[in-house]
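Here are my notes for you, point by point. Have the model open and follow along as you read.

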Amino acid sequence: MKKLLLYFSCLFCFYVIGGNPTFAQKAKVEPVDLVYPLVDAANSRWFFFNSATRPFGMVNLSPDNAIEADWNAGYRYEKDSIKCFSHVHGWQLSGIPVLPTTGDFKGHLGSNIYGSKFSHTTETIKAGYHKVVLDAYGITAELTSTTRVGFHKYTFPKSAKSQILFDFSTFLGPSDTQKGFVKKVSNQEIEGYAIMAPTVRRPKTLTVFFVAQFDKPFDSFKGWRKGQLEEINNSIEGEKVGAYVNFTTQAGEVRKMKVAISYVSEEQARLNLTSELPYWDFEKAVKDSREDWNKWLSRIEIEGGTDIEKRRFYTDLWHALQGRRIISDVNGKYSDMTGPERLIKQIPLDFQGKPKYNHHNSDSFWGAQWTINTLWHLVYPEVTESFVNSMVMMYQDGGLIPRGPAGGNYTYVMTGAATTPFIVSAYLKGIKGFNIEKVYEGLRKNHFPGGMMSKAGYEHNTFKGGGIEYYLERGYVPHPLSKTKYGFHQDGSTQTLEYAYQDYTLAQMAKKLGKKDDYELFMKRATNYKNIWNADIGWMWNRTLDGKWAEPVDILRYDNGWEEGNAAQYVWFVPHDVQGLINLMGSREAFTTKLNTSFEKAQTHDFVSGKSHYKETLEELRRVYINYGNQPSIQTAFLFNYAGSPWLTQYWSRQVIDKVYSGISPQFGYSGDEDQGLMGSLSVLMKSGIFSTNGGTSPEPFYEISSPIFNKITFHLNPKYYSGKTFTIEAKNNSSKNLYIQSAQLNSQALNKPWILHETVVKGGKLTLNMGEKPNKSWGSKPEQAPPSMTGK
């Protein structure tokens with residue numbers, strides 16, 4: 001292990017300073033320099049890997065080593081060839097693949113033919129930058145970006161036949177290219193669009209418009225259709241088409257290209273280009289991207305820990321700021337896909353004429369209550385506010401607040417009203433830059449028939465798979481609901497637990513808004529989790545349509561009423577009422593024993609269902625009590641705080657960090673599905689020593705305390721939202737062995753409970769944790785010291 005640490009420390013030095021020993025003594029290593037984009041890159045999902053991109057960038061430009069898949073596509077570390085460089089890697093989004101080539105043109109033959117071998121030894125990847133050598137062509141390609149523009153720098157060999165191709169016959173990530181159009185505007189500019197075909201998740205087409213500009217004129221503009229070269233007169237349009245520009249290069253000649261995209265029009269793509277990237281200085285763009293990332297990452301400052309721990313921390317934080325992408329243009333124009341026809345609309349402008357917020361693409365907010373609810377709301381509240389406004393705008397456009405939109409489309413990804421806790425938590429924490437009455441109206445609609453609780457996953461055409469009518473009538477959703485599968489994730493017991501929690505969160509907003517009747521209604525519904533508690537077996541369990549308990553009982557069986565999990569994992573899914581769950585189990589001691597036993601069993605398989613998504617899909621590896629490679633049970637380590645055993649929260653959270661969220665290997669990293677920064681956010685929170693089981697949705701939001709791995713963590717707060725400048729967590733005498741809190745002080749006053757109010761944190765101050773090797777079992781263990789729950793102590 002010591003040899004491995006030494007190796008990575010040396011690798012770290014070389015990576016940051018390019019192997020220059022003189023520079024190494026002078027270089028100041030900043031958070032952006034610590035990001036290691038290759039973490040888990042061997043197991044990439046289409047939208048997982050990022051290199052040439054900005055925070056939440058519309059463009060995220062990177063090589064594609066594999067195509068034609070949502071999983072196992074995009075950049076895959078162990079593949080030895082590059083098919084293309086494409087500009088969009090998002091949740092159900094893809095588009096605009098390009099590649100520079102030399103020699104006899106082969107682009108019309110497909111990426112399996114025109115793609116190029118490459119080597120990691122000549123590759124450089126940093127936050128906002130990617131460099132790779134295309135061995136087949138002797139071309140060095142460098143990539144960077146602004147938010148909406150990809151910037152390419154290609155160094156060519158001597159060649160009478162150099163080209164840059166645009167392939168609109170490809171199947172990128174989750175979707176095929178249905179149609180393409182490319183037009184020559186001048187001998188230094190082309191424009192066009194790609195229509196990306198529908199997917200099982202995104203039910204409508206998606207048009208990606210682009211404008212490409214070149215720093216030097218090209219000699220000719222040519223194209224192909226359905227695998228055959230074709231003479232064209234300045235444009236080509238249709239199925240399975242492509243285009244390329246030709247030119248002659250000298251040895252070492254540099255050619256630069258800017259590719260801007262828009263989901264609105266070519267004119268808007270050109271506006272994005274001229275607004276964000278009016279110059280041709282590639283090195284300046286790389287520098288600007290680095291500085292941009294560094295500002296975002298520097299909002300959390302860490303001290304202590306190993307080089308690898310620091311690198312992994314900022315890599316996780318980097319992931320938390322990716323994936324959920326901007327889809328509106330620089331002037332606020334956006335494509336509304338919620339109705340029968342695509343409409344072009346405008347985000348409201350501020351007094352300076354700038355959009356008040358961005359429109360966003362996003363995977364589900366399923367599990368966000370334990371991840372970005374806490375991280376974004378505390379550290380990036382302006383991001384939270386933008387997302388909430390985006391959701392409300394989509395409600396005004398299409399009639400529903402989404403739980404995972406794709407390019408303006410509703411997708412109905414996962415289940416429940418998953419965005420309710422996210423929005424409620426923001427409001428309760430004082431993030432209120434949105435129309436609250438319209439927000440409440442939309443959220444309330446989602447909790448009744450005709451809203452999001454009516455739909456199972458990807459249920460595009462009906463409102464039946466959610467089982468909301470049964471939930472309202474009986475207090476639970478039966479499983480199986482019917483012989484018909486209306487959508488994915490039609491798992492009644494999970495839906496019951498989700499709805500009860502989400503009802504509780506909406507009740508808190510109703511109370512704040514003075515809506516007494518709604519408050520009482522939703523608080524009553526929040527107790528519905530009890531209706532699937534099977535006291536005879538001591539676990540949550542499925543109830544069938546006739547109201548009986550399902551047989552046979554197998555609490556480790558995956559799915560079968562449990563969404564991407566099992567009954568053993570979901571028994572802990574009562575975020576709003578942990579005390580009520582303790583009461584169902586009989587006592588704090590019984591609760592602690594059951595939970596601790598689950599962790600002891602989970603420790604034998606490192607708390608995950610295999611170390612990659614492929615392993616996670618194997619049935620034999622799914623029969624586990626706790627899985628930190630997916631969302632359903634990632635709150636479990638913090639539940640000991642509620643049951644009088646905070647020391648076990650401190651112990652098990654450290655063990656999970658060590659086994660699941662440590663190291664910087666391309667082969668490992670998130671042990672399943674990172675889900676657009678959710679698991680990166682979780683890792684950041686656990687390593688910082690704070691968490692929120694109920695997602696910050698109690699009347700007074702609070703954070704639970706665990707065992708941070710760093711000696712000092714400083715949160716630099718946004719002054720536009722919070723009055724305090726910084727909040728610091730200092731862990732004295734901290735180490736891998738000294739992981740137990742002996743005592744604590746909050747702003748120099750003794751703190752004897754394992755939680756603190758959000759209001760206290762954002763006023764600024766300091767939490768001091770005095771650490772030791774043996775647990776202090778009396779600290780924070782009294783019933784009155786436990787974090788609040790819906791049920792009183």
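1. Let's begin with a pair of strands: β21 and strand β28 (residues 712–716) run antiparallel to each other and are joined by 4 bridges. Look for E301, which sits opposite T714 in β28. A quick word on terms: two strands pair if DSSP finds at least two bridges between them. Helices (H or I, at least four residues) and strands (E, at least two) are DSSP runs, numbered from the N terminus.

2. Before going on, know what you're looking at. This is a predicted model, where local features need pLDDT of at least 70 and side-chain atom pairs count only at pLDDT 80 or more, while totals for chains, interfaces and linings use all residues. Residues are numbered from 1 along each chain as its sequence is written, and side-chain values use heavy atoms, with hydrogens and water left out.

3. Now zoom out from that pair. β21 and β28 belong to an open sheet of 6 strands with mixed pairing, in the order β21-β28-β29-β33-β30-β31. At its edges stand β21 (300–303) and β31 (749–750), each with a single partner strand, so one side of each has no neighbour in the sheet.

4. There's another open sheet to find, with 8 strands and antiparallel pairing: β1-β2-β4-β5-β11-β19-β16-β17. Its edge strands, β1 (52–53) and β17 (228–230), each pair on one side only. In general, strands of a sheet pair through backbone hydrogen bonds, either parallel or antiparallel.

5. Stay with β11 (residues 159–168) in that sheet. How many of the residues of β11 are buried? The count is 8 of its 10, so to speak a mostly covered strand. Buried means under 20% relative accessible area, exposed over 50%, and partly exposed in between (1.4 Å probe, protein chains only).

6. What does β11 pair with? Strand β5 (residues 93–102) joins β11 in the antiparallel sense over 5 bridges, and T102 stands opposite S162 in β11. Strand β19 (residues 241–249) also runs antiparallel to β11, with 8 bridges. In β19, S159 has T249 as its bridge partner, and L165 has Y244.

7. On to the helices. Helix α8 (residues 372–379) and helix α9 (residues 381–398) pack at about 115 degrees, with axes 5 Å apart. Axes are lines fitted to C-alpha atoms, for helices over the stretch in contact, and angles run from 0 to 180 degrees between N-to-C directions. The two helices are therefore roughly perpendicular (under 35 degrees counts as roughly parallel, over 145 as roughly antiparallel, 65 to 115 as roughly perpendicular and the rest as oblique).

8. Who touches whom there? W376, H377, L378 and V379 in α8 meet P381, V383, T384 and F387 in α9, where contact means heavy atoms within 4.5 Å.

9. Check α21 (residues 678–688) too: 11 of its 11 residues are buried, so α21 is largely enclosed by the rest of the structure. Just after α21, G689 takes a positive phi of about 85 degrees.

10. Last, the cores. A nonpolar core is a set of buried Ala, Val, Leu, Ile, Met, Phe, Trp, Tyr and Cys residues joined through side-chain atoms within 4.5 Å. The largest has 220 residues, and F85 and Y628 have the most contacts inside it. Helix α13 (residues 492–512) gives the largest share of this core, 9 residues. Apart from it lies another core of 11 residues, including V211 and L277.
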